[in-house]
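Please walk through this model in the viewer, one selection at a time. Each stop names what to select and then says what is there.

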Amino acid sequence: MEWGEALRIARLLEREVIYGTYRGSDPSLDEPKLARLVTWNRALGIAEGFASLVLLLLMVGAPVLLASPWELMATTIASTMLYNVLMFISVLMASSTSALSLQASGSIKVLAQLPLGREDIGRVVLAKLLRSLAPVLLVPIIYGAIVAEKLWLPQAFPLVALYGYVDVLLALAASLALSSALSRRMGVTKGLRSKLARAFWSSLYFTAMFSIGLLYQLYLCSGKVLELIKGAIPMLPSTTGFIYPFSATDCISLSAYPLGFFLSLLCCLAYLMSSILILRKAIKGYVNTALEGSSEAELGKGLRKPRFWTRCLPLNIAIKDLKIAVRDPRTSYIMVLPLFSLISFIPALLNASGLEELREVAYLTCMTLLGTGCILSALVPYQLMEHEGGRLWLLFSTDLHRRELALGKSLATAIAYALYAFPVALACSAALGDLRLVAYATSGTMLCLTASLMSAMLLASGASVDTRSFHISLLKSLCLIVLSAVLSIPILGPLAGLGEDVVASLAVSALELCLVLALNWAMLGR
Amino acid sequence: MGELVELHGVVKKFGRVAALRGVSLCLRRGEVVGLLGPNASGKTTLLKIIMGFIRPDRGEVRVLGRDPYLDPSIRARVGYVPEDVLLYDSLTVREFLYFMGRMRKMDPSTYIDRARLLATLFEIEDKMDCLVGSLSKGDRQKLALISALLHEPDVLILDEPLASLDLVAARVLKEVLREIRSRGGGVIISTHILSLAEAICDRIYLMNEGLIVAEGDLRSIKEVVGADEDLEEVLLKLTKKDEVLEALIRILKEEF
């Protein structure tokens, strides 16, 4: 199959998603209206893609452009590390979501009915994923040009750009491989062994998401160890310049020398070829799993009395969502994304010079985690509702209010937040001998519930039995994040050093929560 | 005694498409009513209006004496299974049934006995630890039916219930429907399977292009077009598809 044909089919699949998004709220959706919506959504998608491109470039390119000459190299190295991490994580997240929705919607099984081979279907899947990433794929070229121009090293351009594409290809491969693995695990449920196997694959998913960040942090921490080794063996060459992902940053300084540039280029091309091969294998596995389905499960015992029973509908929905989140992390990875902020503090924690500095870093680590969790909590209900698409008939055929649906989604978000916020806060509080952090965790949980409820109310108000998918635009996401940030002032204020009144923080958080609960009750009927 | 379900002059348009053009229907206690008709005749829209998912543009709808759109609490006494059954693939069968029982606010001991009975009747009692996503299409359909029957509804609304069911399950379903009827409940089934309509339905509503073109018991409908016709021929004649079918068969013979 030609790439043009694959892209054409990918455009068709996108149209399906748009139809599924609007069908529920507009049953009179006809072909002319759909065509207009498709055009509008495509234009919006392109605008959002370029907004993401600008955002990424601001985060990684701006520091390099604005750096002074004496700190240029250090800034460029740090920005390039961030560039590699962001490219990997953003592509992994976006492609995981697309891969899951392709599988869940059954689009691949529909394609199987056409006279297409598995390679052709794989090409369509890749075309679909790349279309959703399109403008972001320009980041490596633009950032490479920025680095080359600023450092007066034109030979750095191909290295930086190519490593960016290595990150993209590996992230695509990781998301597809993990999607296949998670789907294959679907049939296994009985016993401790199967539970451990499921926990392993779910953990692997998150580890993959944080992997490059973790590796870089370990690399920064290993500086002292490497120095000791180099001191003992002076002639020991540095090999990190050729080990991915460290080579992606070290190649910049190496490119200043002809031999260094040549070796770095060879290394980069080798990683690029390897990543293409890995991606091809991952696509093959993904298509095979999607077409063949999961294996038949082990049979088990009959129905027994449940250990836990409640008639609280929002709590039931929350428990159901958390179970699904644990078993299929692709449905709700934003819930645990704030934990990534912990990774960035590892070097600071390990390199703290004294007890006082350690206390400060521990405090900052915990408050950053709490604050990030609150800010991102507005996006979690969107992911949870995305998974409900097509299954809302189950909920609406019972006596469920929309406000209970919204509350259920926000409870799931808040419970997940509390599950990581309190242990971290308790550990830091014990280390600091200060219970303020536990109080802030309580405040953060209430704020998380507030922000996620605002978002869930918006989603629930437009949901109907016929809604197949939910769409939230980048602009809406940014607005929700800004709203969450404003609501989270009781946490963000102390983080920024603007007053540390714990009682005030708790009081304001409780007040915000009561107001939003009242709003939910008043505004959302059945 | 009031009807379980009453519709009077219901009209529903989606843009320029008139899905329902003045439909009146009733379901009495102890009755199974069949809704038959070709594709796009308005059957699914009608069922969604009865469930209160969609508001009609005109007309009156009453389920157990109440408007289902304005008072969705009535769904606590109604069971519903749509044509496209999507369930929570990541939950086990047991967890899914627990979840539906809790959502129905049932007492756990009542619920467990009921779920156990239905799981045995539909032969999935040994699949409690299976993830829903690993079940066959037929088993998922059975699970959806169980979830609709758990709370012993007074009214059961089924859209193409026999799709994907095996012979035994189909037979069990027919017996379940007879049981509901004998207890004074009511069932509305939308189906293409004429043998089901003939075997179980007390009355049939025949729909075509958003209108009821015939209603009554099977004998009276057959008398409209000719006493010797089977139900398939009756349907084709009343929906004026018999001439269309003849033309299509001619094309098939000449050009296929």
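In which sense do strand S1 (residues 5-14) of chain B and S2(B) pair, and over how many bridges? Select both strands: the pairing is antiparallel and runs over eight bridges. Keep in mind throughout that the model is predicted.

**Stop 1: the sheet in chain B**

The three strands form an open sheet in the order S2-S1-S4 (chain B), with antiparallel pairing. For a residue-level view, pick Val5(B), which stands opposite Leu27(B) in S2(B).

Now select helix H1 (residues 43-51) of chain B. This helix lies across S1, S2 and S4 of chain B, and runs at about 120 degrees to S1(B).

**Stop 2: two backbone angles in chain B**

Move to Leu64(B), in the loop between S4 and strand S5 (78-81) of chain B. Phi of Leu64(B) is near 50 degrees, a positive value in a residue other than glycine. Is Leu64(B) buried or exposed? Leu64(B) has a relative accessible area of 15%, so it is buried, the cut-off for that class being under 20%.

Next select Glu160(B), in the loop between strand S6 (155-159) and helix H5 (167-182) of chain B. Glu160(B) is not a glycine either, yet it has a positive phi of about 55 degrees. With 9% relative accessibility, Glu160(B) counts as buried.

**Stop 3: chain B as a whole**

Zoom out to chain B, which has nine helices and nine strands. Of its 256 residues, 58% count as buried. The chain exposes about 11,000 Å², of which carbon and sulfur atoms supply 49%. Among contacts in chain B with a separation of 6 or more, 66% are between residues 24 or more positions apart.

**Stop 4: tyrosine rings in chain A**

The structure holds ten aromatic pairs over all chains. Select Tyr163(A) and Tyr244(A): their ring centres are 6.4 Å apart and their planes stand at 15 degrees, so the pair is stacked. The pair links distant parts of the chain, 81 residues apart. Tyr163(A) is in helix H7 (residues 156-184) of chain A, and Tyr244(A) is in the loop between helix H9 (223-232) and helix H10 (247-254) of chain A. Tyr163(A) counts as buried at 1% relative accessibility, and Tyr244(A) counts as buried at 17%.

How are the rings of Tyr163(A) and Tyr271(A) arranged? Their centres lie 6.3 Å apart with the planes at 50 degrees, so this pair is tilted. Tyr271(A) counts as partly exposed, at 24% relative accessibility. Ring pairs link Tyr163(A), Tyr244(A) and Tyr271(A) into a cluster.

Stay at Tyr244(A) and select Pro245(A) as well: a cis peptide bond joins the two, with omega about 5 degrees. Pro245(A) is found in the loop between H9 and H10 of chain A.

**Stop 5: an arginine over a ring**

What lies over the face of Trp521(A)? Select Arg403(A), which lies there at 3.7 Å from the ring centre.

Technical notes:
Residues are numbered from 1 along each chain as its sequence is written. Chains are lettered from A and ligands numbered from 1 in the order in which they are written. This is a predicted model: local features need pLDDT of at least 70, side-chain atom pairs count only at pLDDT 80 or more; totals for chains, interfaces and linings use all residues. Side-chain values use heavy atoms; hydrogens and water are left out. Helices (H or I, at least four residues) and strands (E, at least two) are DSSP runs, numbered from the N terminus. Buried means under 20% relative accessible area, exposed over 50%, partly exposed in between (1.4 Å probe, protein chains only). Contact means heavy atoms within 4.5 Å. Accessible areas come from the Shrake-Rupley method with a 1.4 Å probe; for residues, only the protein chains shown count as cover. Rings of Phe, Tyr and Trp (its six-membered ring) pair if their centres lie within 6.5 Å; planes under 30 degrees apart count as stacked, over 60 as edge-to-face and the rest as tilted. A charge sits over a ring if NZ of Lys or CZ of Arg is within 6 Å of the ring centre and within 35 degrees of the ring normal. Two strands pair if DSSP finds at least two bridges between them. Axes are lines fitted to C-alpha atoms, for helices over the stretch in contact, and angles run from 0 to 180 degrees between N-to-C directions.
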